[in-house]
Structure formats: structure tokens, C-alpha cells
Amino acid sequence: MLTYVLRRLFIAIPTLLLISVVIFFLVDLAPGSPASEIPLTVPPEVRAKILESLGVNAPFHVRYLLWLKQFFWVEPMYAIDYLFGTDYAQGAQRIISYSSRSPVFNIIIERLPQTLTVIGTAYAVAILIALPIGIYSAYRQYSWVDQLGTFVSMVGYSVPTFFTGVVLIVIFAVKLQWFPSIYDTTLRITDWGSLWKQIHQMILPVAVLGLYNAAEISRYTRSSMLENLSQDYVRTARAKGMSERVVVLKHVARNSMIPVVTIIALGLPGVFGGAIVTEQVFKINGIGAALIGAIHANDLPMVQTITFITAILIVTFNLIADILYGVLDPRIRYD
Amino acid sequence: MLDASRQPEPLVRVEGLKMHFPIYTGLFRSHTGDVKAVDGVSFDILPGETLGLVGESGCGKSTVGRALLRLYEPTAGRVIIDGEDVAHLSAEKLRQKRPTMQMVFQDPQASLNPRMTLAGIIGEPLDEHTSMSRAEKTQRIYELMDQVGLNRRFANRYPHEFSGGQRQRIGIARALALNPKFIVCDEPIAALDVSIQAQVVNLLEDLQERLGLTYLFISHDLSMVRHLADRVAVMYLGRIAELSPSKDLYSRPLHPYAEALLSAVNEPDPELAARRNRIILKGDVPSPANPPQGCNFCTRCPRVFDLCRQVKPDLQEVEPGRFVACHLFSDKTTAGTTGVPEARIEHNQQGASK
């Protein structure tokens, strides 16, 4: 197992390097220039100096290698310094956002809590809803619960979040005025009142994202359950005189969870990467919103860094999913 | 021997067992017919006896086994095992009844939960049905593993780490865990190598001798059944064609289908094999969704006559201990008592079961 993990990590290095080149190159080639954000009233020679100071004029490979060094060497140094109060970084140049002139990682750290609370909650809610629905609708295939579950999943999966988001806002925020339409990032939870307010404002975005994720997970759970329910070992369990509860929850559900856990693990990078559309709709100041803002402002280091972090997360969670597979299914051995 | 053994109360008594699987077709999934997998089967099994159940693929042998233990919900009929009608027990009563009746499955690979260790598989029924302490359970698991000839060191391994024969031993140990009286062996050797088949069959025989088990041995391996069974029922298209003591059946089959089936048994002696009178049936087995109006075998029977195409023959005793469902033999008893009453009996059974 350990050799397998080490080998996979080793293979991940060239993969990630290749991804970083592609990301860097694509973003660099994209139309638009950081200069476009500088007001036209600024004289041309000052403008040239600003661009010079941003390091935009250096050749591609120089900028790429510099970014690479900052990402993998300088930024971890700063992280260590921050955590342990050391001074390894010694004031080295960090990855700086073009538009805000502050380190990209500081912005990401600022934005992360919003994304994690809202989108993380949505994902957790989705799992909690999806598993029982998936298990029950497989157990009672073609019952009305199953039909309803299938319909809701179909809707949840096929209707995009920017549409469900707006529909929910129109119904619950505008017409009924039950929930706010905008997520207030500045809210600090200090007492029960503000906690309630926080939950209140989270309900709509969590509902939108939860529906979308639950649709996918419940479909996987259902089909995996159906596959296992027809297996011979289920008949064995019944013949042993196990109660239906034990048969379904212990024998069938545990075996069915193997692919479902993989799907859940593969979906987790989305939680960190932020749900760009939903964050836009509800004005949540998370990572997704930061990425969209950076794209608008031609803030290349910001875009490159966030995209690359997402890529790292995807590679990592792929590995985690594979490892979980081996842990859950005794038939799979990584040697 | 058979006349004497009529006396003890049978452990298993099956009366008019029917297992129909509904067919739903069309846009609105309307109920348009039934696959009559088992269509009125009756037999008794005496304590300590092995009843063989043979027939070609798709004739409903496995369905009989599963319906007997109510792994399917039978459409009609009564299955009395050790004094209780299993076919009509409530779910909870049935669950408590399960320890008396167990099953050894055909596919030892698929019938074991891949995520449970051997100890888990064998020990689970003990958790559910007994109040043994942990140590007692472990002791019992080891005991069972010894009984079926599995090394105790294997207790924490998973099913996929074993060979086919070992897996079937696990299946047998699991079935034995709760000291059942009656075990349905559903083609327990069909998925095994010939070399292993003998081991498993010998194990089953051993266990029967030691524990006084009663078997329903379902198989399409005619020579294995001959070796193992005291009496044999030959099934064709959901009905029993002949039910006779093993020795009589193999030496002189009465029903034309039994005759044809047994002529297919391999003969090790090449000289005898050359002189063997092989009966080859023509045509295919009719669909169990649409069986012939008369005798189920009338479409392929070499000795068919008019009556066969109109009236289904009933299983009746034509010689002491030998039951045959064929019009060739029905002139020995009066037709009035055997031809009609099937429907009436069924009605009474349903009335009685309420």
C-alpha cells in the first residue's frame, strides 16, 4: 500500500508540472492585459513603469519559472514562518496579485472560510439527503418514493445552478421574503442571534448546491444498491435469518458504498475550489468569486494560482479515492 | 423399507407448491401472464433422508428450493417444515424459524459477502439468533471450521482469498452454524471442479451421518444424486414427473421423461456405453409462461397419445413408493379421484391457511 501511494505521488509530479505549464501558458495567451486596468489618465511613461514593476515584460519562461519557485518554495516558507514563528522566508518575493498588490495566498486564506462554510455545508447536506433516498429508492424500486426521487434527481441534475438559484431567490427572497438574497460575508457569529442569522442566510445557497450534489450522489447510491441487492450474498443473508434492516444496511449498503465514497471523494475538490456560479448568484465572497473577479481584472497570478490549486486538489482526491477503494473493498490490493 | 418408513412423521411436507413470477408488459406495465416456474409440486422428506431433485436447466428445481425456504414468496401451496407452515409465517416468525432450515448455495463466490471475513460470515447467524458470549462464538466458529475441514488460521481472511472448494466449505459451515434440521443444497457442486466435487459431497454425507441432517439435494448431476439420495424427484417444466426411491428410479425409470433423462447418464464402461440405449428428445422445452394444455411433457414425449394433450396427469403412486405423473400408468387407479380435485384441494388449503 505504502509503495503504491509513493509511486502514485511520484507520478503526480510530472502530471502537475505539465498541468502548471498548460495553465500558465493558456492564461498568458488569453486576450487582455494587466495594463487595461490602469486608468487612461495615467501618463504612458508611468504606465510603462507600472508594468515593468509587475514583471509583465519578462519572457514567458522566466515568469513561469519564477512563479513555480514562488509557489513551491517561497509560499511554503511563509506558511511555515506563519505557523511556527520562524523566519526562513527572509522577505523573499511572494506571488503578488496584480490588482490588489497583496500576496495571492493571503487573499485565498481570507476567502476560504466563506467557501468552506457554505459549500462544505451544502455538500454535507447533499450526502445526508442523498444516501437515505438512494438506499430507500433502490430497496423499493419503482415505488412512488423511487419515482419522486428519480424525478427530483433528474431536475436537480439537469437544471443549472444559476437557474435554480435565481428561481429560489425570486420565490423565497423576493415574493415570500423569507430569506435574504445576498450572503453577508461580514457577519460575525457572536451570539445565538447572529448564529441564527448566519444559518438563515446560508439556507438558499445550501439548498441550490445541495440539490445539485444530492441528485448526483443519490443516483449513484441507487444504482449501486440495485446492483448489490440482486447479488447472491443478499439471499444468503436473508437465509441466515437476518432482519431486513441488517440485510439492507449492513450487507447491501456497505458493499454499495464503495463506488459512492469514490464519487463523494472526487467531488470534494469542488468544495475547496468553490462553486463559482452559486457564489456569484448569492454574492458569497468565496474562492469562486475571487477567481471570477481575477479573470475580469486580468489578474494573471491570481487566476493561475487558484486554478493550479484546484488541479492539485483534483489529483490529490483522485489518489484518496483510489486508496479508499482499496480500504473499503478487501478484494482490491495495491501491491 | 419404504413401507416401514411411511410411519414416521415427515420433516418436510410440501403440498401443491406454486411459484409464479408475474410478467408485466406494455406501456402501462400491465400484468399479462405468469412464468409458471413451479406449478403444483408436492412431496415429503423424512427426517434424516436425502431427497434428490433433478431435471434439466430451467425446470424449476432451484425455484422449488428457494420457495421452500421462502426466499421467494410462493404463489400458492403449503410448506410444512418441522410442524410449521413456512409459506404462511409472519416475517418475524419466519426469521426465528430460519435456524431450523438452511441452504447451501450454488455459487460459493457470489453467495458470500465479499466484505466480511470468514469468521464474520460464519458467526453472523450466531449474533442474530443466539446470546452466546464472544468467546463462545469464537469457539463455535472454530468448531464449525473444523467440522468442514477448514484451517482455523483462515478465520480472518476474506472469501476471495479461498479456492472454490474452500468457499463451498465456508458456505456449508455457515449453513450449519445454527444446528439446522433441514438443509437445501442448491446445486452445491455445480460450480466446482470434479476433483473437489467428491470432497464436498463426502463432506455433506459425513455431516448428515454425524448431525442427522435432512437434505433436499438439487442437482443436474445425475450420478451424484444417485450416489447421495435415498429418493429422487425428477422435475420437468415446473412439475414433478416421477418421484421414486433412487435405486428403483435408476434401474427402471417409469416416466418417459425420467427414462430419457437417465439415459443421458455417462457410463464409464465403454462396452456398456456402446450398447446403451440413448433416448434423444426432439424439440425444445416449452416456455414456462405458456405451458401446454395437457401434460407438460406431451410436446416431446416419445409415447404421447391423445389424452396427454388434453389433461394434465397427476402424481400418483403406481407401485409401492413410486409416484409417477403420466397417463401411461393412470389406468391402474380410477381417474375420478385423481383427475379433478387439484383445484378443490388448493381452495381448501387457502381456506385453511387464513
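Predicted model: local features only at pLDDT ≥ 70, side-chain atom pairs only at ≥ 80, totals over all residues.
We can start with the record. An unreviewed UniProt entry annotates residues 12-262 of chain B as "domain: ABC transporter". In the model, that stretch of chain B comes out as 37% helix and 28% strand, and its end C-alpha atoms sit 26 Å apart.

Chain B has an open sheet built from four strands, in the order 2-1-4-5, with antiparallel pairing. At its edges are strand 2 (30-45) and strand 5 (84-85) of chain B, each of which pairs on one side only. Strand 2 of chain B is joined to strand 1 (residues 12-25) of chain B by twelve bridges, again in the antiparallel sense.

Another open sheet in chain B has eight strands, and here the pairing is mixed. Reading across, the strand order is 6-7-8-3-9-10-12-11. Strand 6 (101-104) and strand 11 (316-319) of chain B have a single partner strand each, so one side of each is left without a neighbour in the sheet. On average, and ignoring direction, neighbouring strands of this sheet are turned by 25 degrees against each other. As a general point, the strands of a sheet pair through backbone hydrogen bonds, and they can do so either parallel or antiparallel.

Strand 9 (residues 231-236) and strand 10 (residues 239-245) of chain B run antiparallel and are joined by six bridges. Here Tyr236(B) stands opposite Arg239(B), a residue of strand 10 of chain B. Over by strand 6, a helix comes into the picture: helix 6 (residues 164-176) of chain B lies across strand 6 and strand 7 (182-186) of chain B. The angle between helix 6 and strand 6 of chain B is about 175 degrees.

That leaves the contact between the chains. On one side are 16 residues of chain A, and on the other 21 residues of chain B. Two helices of chain A, helix 8 (232-239) and helix 9 (244-273), each supply at least two residues of the side that touches chain B. Helix 8 of chain A gives the most to that side, with six residues.

How values were computed. Residues numbered from 1 in each chain as written. Chains lettered and ligands numbered in written order. Pairing = 2+ DSSP bridges. UniProt positions renumbered as here; feature names shortened; annotations may be inferred. Axes fitted to C-alpha atoms, helices over the stretch in contact; angles between N-to-C directions. Contact = placed C-beta atoms within 7 Å.
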